[in-house]
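Colleague: Could you walk me through this one slowly? I am new to reading structures.

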Amino acid sequence: MINKIKKTLGLEKLHPEVQFFLDSANLSIAIPGSFLVMLVEFIAFVLTFFYSFSSEQEAFKWLLYHRLLYIILFISATQLFIYALYHKRTGKPFSRVKLDISIFVFIIVLLVFAHFISIDDYIKGEQILVFITIELFVSCLFMIKPYLAIIFIIVPFSTFYYMMATTAGTSSATKVNYPV
């Protein structure tokens, strides 16, 4: 029974060939996935130069906050893109640990970005589409062990719910629907 649970959660050590296949797939998907994030963040950053604001103080705070988040996420995506592209193009063997660290940094920065952008939107009464979109992107992009996938779903949703509840409060519908 315990062995079955371990196997289901991905806690067992994989055969080296299977692990290499998964790592190679992650290396391959990292290129278009990180490039897409780089492109979106670059466009979002450029678009901030065309926004208009009612007050100069509001503009400075908003632009500093958002541009900083866009740059941080762009850098995170760039490090993964460069690492993956280098190893794909040269054919040189990649380090599983370095690949995992690069992917982990990218995922964590993506999730933190989603939290900051969406909680700001939520406080203003807007939707949390950035958080939901990035959570789906993270959940579906890389081939990770099931226990990590569970963590990457439960922890961000739980922390985001906590942030919603402590900043602007939650509606009755959110209290019922969100935890489900």
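**The chain and helix α5**

Modeller: The accessible surface of the chain, computed by the Shrake-Rupley method with a 1.4 Å probe, comes to about 11400 Å², and 71% of that belongs to carbon and sulfur atoms. This is a predicted model, in which local features need pLDDT of at least 70 and side-chain atom pairs count only at pLDDT 80 or more, while totals for chains, interfaces and linings use all residues. Residues are numbered from 1 along each chain as its sequence is written, and side-chain values use heavy atoms, with hydrogens and water left out.

Colleague: How many helices and strands does the chain have?

Modeller: There are seven helices and zero strands, where helices (H or I, at least four residues) and strands (E, at least two) are DSSP runs numbered from the N terminus.

Colleague: OK, and which residues of α5 are buried?

Modeller: They are Phe131, Ile134, Glu135, Val138 and Leu141, with buried meaning under 20% relative accessible area, exposed over 50% and partly exposed in between (1.4 Å probe, protein chains only). Seen down the axis of α5, these buried residues fall within an arc of 150°, taken from the directions from the helix axis to the C-beta atoms, so they line one face of the helix.

Colleague: What sits on the face turned away from that buried side?

Modeller: That face of α5 carries the exposed residues Leu129, Leu136 and Cys140.

Colleague: And what covers the buried residues?

Modeller: The cover includes α2 (16-47), α4 (96-123) and α6 (146-167), judged by contact, meaning heavy atoms within 4.5 Å.
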